[in-house]
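The exercises below ask for a careful reading of one model, working from open space to ring contacts and then to strand pairing. Try each task with the sequence and the coordinates at hand before reading its solution.

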Amino acid sequence: MKMESCPLCLFAPCKHIGQGFGRNYYHCPQCELVHVPRSEHVSKEREQQEYDLHENNESSQSYCRYLGIVANEIDSIELEKRKVLDFGSCKEFVLTKILRQRGYDCTPYDPLYDLPLPTPRATYDIVVLCEVIEHLRKLRQELDLVKSLLRAGGILYLRTQFYGQVKEVKSWWYANDVTHINFFNEA
């Protein structure tokens, strides 16, 4: 087994914690990230095929209800300005549409679906990664991008599932999604 570095904090070596769902999992003892090695990531085409199976659209009542909860949480953030970036918005960018209806200046961004960042790059009061961070292939690089997109004093809104114990990740239902490659806990 080759030495694996942490894609978040760059610590090496990360500890191999086992296999599950046909992939290997590594744990970083420094930042607690559990990740799938880059060599085992699915292709971008396969990733898009998996996303296309999800009913992440306006006709899905359960999806819209879920995003309504997210929008309510964003509403509770006290900021003067309301410029938002929906980072990893999916092709139909439903959260963007909900936030626009609530008066936000919201921009969708999803490179997988050719939804680019505005040029020149703007900064945002809030950057939302709703069920996105677990998918990021170049985690540190993409979080640096997120940081550059936040204005000083801006808010990063992250939503993902946290794992309980490291030894359980390889059998956790959330790790069964082949597009999920980064797993976090509260640390």
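**Exercise 1. State how many residues line the largest pocket, and which of them lie nearest its centre.**

Solution. The largest pocket is lined by 39 residues, and those nearest its centre are Y51, G88, E131, V132 and H135. On a 1 Å grid over the protein atoms alone, a pocket is an open set of points with protein on both sides within 12 Å along at least five of seven lines, a cavity is a set where a 1.4 Å probe fits but cannot get out, and lining residues have an atom within 4 Å of a point. The elements that contribute two or more residues to this lining are α1 (44-53), α2 (61-75), β4 (83-87) and α4 (139-149), where helices (H or I, at least four residues) and strands (E, at least two) are DSSP runs numbered from the N terminus. The largest share, four residues, comes from α2. By class, the lining divides into 16 nonpolar, eleven polar and twelve charged residues, with Ala, Val, Leu, Ile, Met, Phe, Trp, Tyr, Cys and Pro counted as nonpolar, Asp, Glu, Lys and Arg as charged, and the others, Gly among them, as polar. The pocket holds about 1100 Å³ of space, a volume being the space filled by probe spheres set on grid points that are joined across faces, edges and corners.

This is a predicted model, in which local features need pLDDT of at least 70 and side-chain atom pairs count only at pLDDT 80 or more, whereas totals for chains, interfaces and linings use all residues. Residues are numbered from 1 along each chain as its sequence is written, and side-chain values use heavy atoms, with hydrogens and water left out.

**Exercise 2. Find the volume of the largest cavity and the residues that line it.**

Solution. The count gives one cavity of 30 Å³ or more, and the largest cavity has a volume of about 40 Å³. Its lining consists of H41, V42, E47, H135, R137, V178, T179 and I181, which divide into three nonpolar, three polar and two charged residues.

**Exercise 3. Work out why the pair of Y25 and F183 is classed as it is.**

Solution. Rings of Phe, Tyr and Trp (its six-membered ring) pair if their centres lie within 6.5 Å, and planes under 30 degrees apart count as stacked, over 60 as edge-to-face and the rest as tilted. The whole structure contains five aromatic pairs. In one of them, the ring centres of Y25 and F183 are 6.1 Å apart and the planes stand at 55°, so this pair is tilted. It links distant parts of the chain, Y25 in strand β2 (residues 23-27) and F183 in strand β8 (residues 182-183), 158 residues apart. Y25 counts as buried at 0% relative accessibility, as F183 does at 0%; buried means under 20% relative accessible area, exposed over 50% and partly exposed in between (1.4 Å probe, protein chains only). The rings of W172 and F183, with centres 5.9 Å apart and planes at 65°, are edge-to-face. Ring pairs link Y25, W172, W173, Y174 and F183 into a cluster.

**Exercise 4. Give the order of the strands in the open sheet.**

Solution. Four strands form the open sheet in the order β1-β2-β3-β8, with antiparallel pairing; two strands pair if DSSP finds at least two bridges between them. At the edges stand β1 (15-20) and β8, each with a single partner strand, so one side of each has no neighbour in the sheet. Two bridges join β2 to strand β3 (residues 34-35), and V34 in β3 is the bridge partner of H27.
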